[in-house]
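User: I am new to reading structures. Can you take me through this one, term by term?

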Amino acid sequence: MLFNSVIFITVFLPAALFGWYTLQKLRNPVWARLFLTGMSLVFYGYYNISYLWVLLASLCWNYMLSAALQTGAAPNVRKSLLAIGITGNLGMLFYFKYFNFFLENCNFFLHTDIRLEEIALPLGISFFSFQQISYLIERYHKRAKHYHFLDYSCFISFFPQLVAGPIVLHNEFLPQLVDRKNRKLNRDLFYDGVCLFILGLSKKVLLADVLAVIVNAEYENILYLDIPSAWITIICYMLELYFDFSGYCDMARGLGLMFGFSLPENFNSPLTADSVRDFWRRWHMTLSRFLSTYIYIPLGGNRKGKARQCVNLLIVFLVSGLWHGANWTFIVWGVMHGLACVWDSLFPHLRFRFQWMNRLATGIFVTLSFSIFRSDSLQSAWLLWKKLFAGGMNGMFLGLCNVLQIPETYIIQKALKYLFPQALNPFFVMCLVILLFISILLIRGKKAHQWLEDNGQKPSAIFCLATLFTWSLISLSQVSTFLYFNF
Amino acid sequence: MNKKTKQLKLLAAMTGGWLIFIIAFVWLFDPFYQYHAPFWGLEAVLYDRDNQMPGTIRNFSYDSVLVGSSVAENFDSSYLDDTYGCNTLKVIRASGSVADLLYYLDMAQEDHVLKNVFWCLDLFALNTSSEVTLYDKDIPRYLYTKSWLDDFPYVFNKEVIFVKIPLMVVNALRGINTGGHAYDWSADKNFSAEGAMRFYSRPEEIIEPWEDQELEGQVKTNLALLDRQIEGHPEIQYRFLIPPYSMLWWDSAYVNGMLEQDFYILEQTLPSLLKHPNTEVYYFQKEENIICDLDNYMDMIHYSPEINQFMLEHMAAGDNRITEDNWENIIGSMRQLADKITQKEIYRYYK
């Protein structure tokens, strides 16, 4: 089930909210938690019922290890248990996500002919695996207690964050779950949640999905791109990815608030970052936090000299690249970001005098690197880069703009086609310019929750939210998926 | 009352207002005619075959139907109304599938008493599955149910609001796809030998005739479905028109080793239809002047609206009618014409 689907908005969400708050009125909170866990499993199983077994197996495995990691056990036993736990999680992740990639590379480099298996990637496996690894490590360090199985299941499977994050830590969720005051509907939180959900939905449906029309069409035809169309394509992809994922996270946080939970922020205007390190402090913040807490710092962070710090940074970004997917494109993308962070760390003062130039340079680097991230293979990424810098001019730019035939402008397109056919191309160019202008305005503007804090009480803003929701709702007939589901 | 509670109520009220406005707007225009026929004084605009078909069958007023595939869409059904004194609705399925068209006919007969069925019968469609294919994943289910509970994707649909309704209004104002020209797609199409040849490439080697294992069974089942329909409704007059595909179609059948299969279908179909007293069959495939002149076509089978009109006029005049007495002779002359096409006529266009 997608957040941006009719079934979710009109049936699943109202039913889940109604059940949750009705059962919270019972003296025993177990029923409400059982219901929420059940609904989360329905949400997850709706994609593909067979995924459910993977989630349940992972839940049970980690819960058993948590139980075994009792504080009384000997240190070496605890260490072994942690190693077994992490190996189990990574092993499952390796099998479902990387096994075929591994075999493909064995076949390629060792000239073997091992048959690939058909392995369906369970949605969100990277998210819930990392979340549980984090829990196990916290248990090992005695910074987390062993919770009731129902509470633990509720935490891991909580549907707003289950398939694409944010990666929530146990101490951010479970205290809220057991807090008595959270058992009553908090209307302030609920209203904020609804508004945040609407803003996230609009970002996804009205912006990301429109940008995707261009990106998908042009990535299918890289061979025919010229310099301007190649640049517009990668810029549109960067914007699409941002609105897609940050829209999803806004929806997730909004849903969390509707249920009375505050989930961590995942984005902080990342496309206004003035260095790559700054970018990673603002983009997918909960992943950066995980990698920093559980890989970078244990490796020594910046405490063991510059050289070691650089190696640590490279390792972290290599893992980040691999986490995003089993393809060399992700690895190259990760290494690029790692090298950029190493550069930032080695030459922190080597910067442009004007801040806007630093932002522009960072934006260009990030956009270029994400063009590899989007490519199917390194060959197509290389072809795209050739087009970016030596693609010449073949008029493909107008073809790109013509892809933007969205229903909202249909009647204008038809009128122009019959009355002023020569104005049709300039019209499509104008549509693209408006789309990019709105995107840039939103990137530079206030964050969704800040905008709500400042304007959420004004009738004009409420009207705007009602309009955005309705507009998004009528756009749902063209169902789309979220880009981050498969990571 | 808590301030945010008020805001939440205001948000719900405004959203509700928008949703009610959209429901009213879509219900009023109802481009797929799911809820009502056009209101008094307004003309139906039929331009979106698969989406509009179920609604028009259910909600329009008519006593005759013109059934067929895409080659039947360019008929001017008002000619039938004037000639036979009836009120005709076009019932079209692009594939010409007998099972699908019979499904539509059953739907029509739920609430309508039919006098005439004019069926432009594609013989090749008799060699397709006899299962109804209307529940394909690409066709929305809500079109086929009477319940409004599943109409959400129709009512709250950006494409319906921003594309289908404006297009309907514009077509109504410009008189496109109105009256007898429902679903007519001929505007802006290029009917020419050059255009037709663009869709045809003759293989270098001619394939030996081969046996289609499914042919006999499928033809038999589809003809049985037709029999059941005709026998079940003796009060309806059925008029079948066998449309004239271009000589490219015949040549294609020859070079792909399928010519005998086509004649098999013809030999099975004609007597099967003619045995019913309430059936008339009009045969246009051996109109040499039409099928050998590729300027009448845009591809192998799709002909210009003039040919549609030719067929209607000849049917009205009783020409081209075949009977139990002459159908074998007609097939014989069609065989001769097919020979002439594949040995001589085709080389006028295909060197």
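User: How many residues of domain 1 of chain A are in contact with domain 2 of chain A?

Analyst: This is a predicted model, where local features need pLDDT of at least 70, side-chain atom pairs count only at pLDDT 80 or more, and totals for chains, interfaces and linings use all residues. Residues are numbered from 1 along each chain as its sequence is written, while chains are lettered from A and ligands numbered from 1 in the order in which they are written. Now the contact: 18 residues of domain 1 of chain A meet 19 residues of domain 2 of chain A. Two residues are in contact if their C-beta atoms, placed from the backbone, lie within 7 Å.

User: Which elements of domain 1 of chain A give two or more residues to that side?

Analyst: They are helix H1 (6-23), helix H7 (159-162) and helix H8 (170-178) of chain A. H1(A) gives the largest share, four residues. Helices (H or I, at least four residues) and strands (E, at least two) are DSSP runs, numbered from the N terminus.

User: What classes do the residues on that side of domain 1 of chain A fall into?

Analyst: Twelve are nonpolar, five polar and one charged. Ala, Val, Leu, Ile, Met, Phe, Trp, Tyr, Cys and Pro count as nonpolar, Asp, Glu, Lys and Arg as charged, and the others, Gly among them, as polar.

User: Where do the two domains of chain A run?

Analyst: Domain 1 covers 6-184, and domain 2 covers 202-271 + 382-486. Those bounds come from an automatic or database domain assignment. The C-alpha centres of the two domains lie 32 Å apart.

User: How many residues does each chain bring to the contact between chain A and chain B?

Analyst: Chain A brings 25 residues and chain B brings 24. On the chain A side, H21(A) gives the most, ten residues. By class, that side of chain A has 15 nonpolar, six polar and four charged residues.

User: What makes Thr87(A) count as exposed?

Analyst: A residue is buried if 20 or more other C-beta atoms lie within 10 Å of its own, exposed if 12 or fewer, and partly exposed in between; C-beta atoms are placed from the backbone. Thr87(A) has 11 C-beta neighbours inside 10 Å, so Thr87(A) is exposed. Thr87(A) sits in helix H4 (residues 75-110) of chain A.

User: How many residues are in the largest nonpolar core?

Analyst: That core has 136 residues, and Phe155(A) is one of those with the most contacts inside it. A nonpolar core is a set of buried Ala, Val, Leu, Ile, Met, Phe, Trp, Tyr and Cys residues joined through C-beta atoms within 7 Å. Helix H10 (residues 227-258) of chain A supplies the largest share of this core, 20 residues.

User: How do you know that the span of helix H4 (residues 98-111) of chain B agrees with its 14 residues?

Analyst: The expected span is 1.5 Å times one less than the number of residues. For H4(B) that should come to 20 Å, and the end C-alpha atoms are 21 Å apart, so the two agree.

User: Why are the buried residues of H4(B) said to line one face of the helix?

Analyst: Those residues are Val98(B), Asp100(B), Leu101(B), Tyr104(B) and Ala108(B). Seen down the axis of H4(B), they fall within an arc of 165 degrees, so they line one face. The arc is that of the directions from the helix axis to the C-beta atoms. Their cover includes helix H2 (49-59) and strand E1 (64-68) of chain B.
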